[in-house]
Amino acid sequence: HSMQNKTSVTEFILLGFSSNPSLRLCLFGIFSVLYSATLMGNALVFVLVCLDYRLHSPMYFFLCHLSIVDICYASNNVPYMLRNLLGRGRTISFAGCGTQIHLYLIFALTECVLLAVMSYDRYVAICHPLRYALIMNWRVCLALAAVSWAFGFLFGTLQASLALHLPFCGPYEVDHFFCEILAVLKMACTDTTANKVLIFAVCVCFLLFPLALILISYLHILATILHIRSAAEWHKTFSTCGSHLTVVGLFYGNAIFMYMGPGSGNSSGKEKVLSLFYSLISPSLNPLIYSLRNKQVKEALLNLQRRKRVFHSM
């Protein structure tokens, strides 16, 4: 019977947000602006880093990867959500839902590792400046980026495939604006304890462990900063690390609250708001927090504008 149920699922209904048309239109406007900002901001960071040789350093190399993750992450969930808000159809095929779960997990887990890698890069730059070029050579950077993506892909695929092989029972309604794994597990006709244990284990590896590494890195950085005499140097270090810590705090804090907090997976209203943070707010803020406040990036942006003007005047 359960096999029959399982094969009969061809599509799910995404319940999305409010049923109030005017509120949905208002949300559509806000989310469209945020989504555009995410795409433009992250694409701009990527282009600047590629074009300006002064930004060819490990810190910006990892920032490029973060921008790619953020663009992919937002594009996986947001277009469906915007379509839903316009009332252009709330259904998603079983394959489409599976793809969303899979990509969402890959990008989220990759970002968890990338943020830890970026804090290690800052730690080496500030605590071991003379050996920085030696420790963070290009081979190491490429290996760290590859490991981030490989871990994300491996564990994302494992979780998604286990969730999608469950038998599902109707009504096939996902109480969310995209196919989020906890919301989909609620429709399973069978015991999902094994899936939830795996989610918890992955959270320990990808949230608690990297967060501990990040905090250790920052404690070392703080100890080093306190010995810096120059106020300008102090301010520069503090602003770079402060912006990274802001993103880290929001990203990991939200994820831990959502997947490891008491009663996680029960309150769908809370989950939708937290997921919005991941899908839209964090990706749109990252370019601003990391790069566009940065002096080198501002100079690269001015250079690009100058080159554009020269090109047009030719």
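1. A residue is called buried here when its relative accessible area is under 20%, exposed when that value is over 50%, and partly exposed in between. The model under discussion is predicted, and Cys141, with a relative accessible area of 0%, is buried by that criterion.

2. Two disulfides are found when the whole structure is searched, and, with the bonded cysteines counted along the protein chain, their pattern is 1-3, 2-4.

3. One of the disulfides joins Cys97 to Cys179, with the two sulfur atoms 2.0 Å apart. Because Cys97 belongs to helix α4 while Cys179 sits in the loop between β3 (173-174) and α7 (181-185), this pair ties together parts that are 82 residues apart in sequence. The torsion about its S-S bond is about -115°, and the disulfide is therefore left-handed. Cys97 is buried, at a relative accessible area of 0%, and Cys179 is likewise buried, also at 0%.

4. Cys169 and Cys189 form a disulfide in which the sulfur atoms are 1.7 Å apart. Cys169 is located in the loop between α6 and β3, and Cys189 in the loop between α7 and α8, so that the bond ties together parts that are 20 residues apart in sequence. Here the S-S torsion is about 135°, which makes the disulfide of Cys169 and Cys189 right-handed. Cys169 counts as partly exposed, with 26% relative accessibility, and Cys189 is partly exposed as well, with a relative accessible area of 32%.

5. Cys72 is itself partly exposed, with a relative accessible area of 28%. Cys141 is in no disulfide either, and the cysteine sulfur nearest to it, again that of Cys64, is 12 Å away.

6. The second largest pocket holds about 390 Å³ of space. It is lined by 19 residues, of which Val113, Ala116, Val117, Phe209 and Leu213 are the closest to its centre. At least two lining residues come from each of α4 (94-127), α6 (138-164) and α8 (193-225), and α8 gives the most, with eight residues.

Conventions:
Residues are numbered from 1 along each chain as its sequence is written. This is a predicted model: local features need pLDDT of at least 70, side-chain atom pairs count only at pLDDT 80 or more; totals for chains, interfaces and linings use all residues. Side-chain values use heavy atoms; hydrogens and water are left out. On a 1 Å grid over the protein atoms alone, a cavity is a set of points where a 1.4 Å probe fits but cannot get out, and a pocket is an open set with protein on both sides within 12 Å along at least five of seven lines; lining residues have an atom within 4 Å of a point. Grid points are joined across faces, edges and corners, and a volume is the space filled by probe spheres set on the points. Helices (H or I, at least four residues) and strands (E, at least two) are DSSP runs, numbered from the N terminus. A disulfide is a pair of cysteine sulfur atoms within 2.5 Å. Buried means under 20% relative accessible area, exposed over 50%, partly exposed in between (1.4 Å probe, protein chains only).
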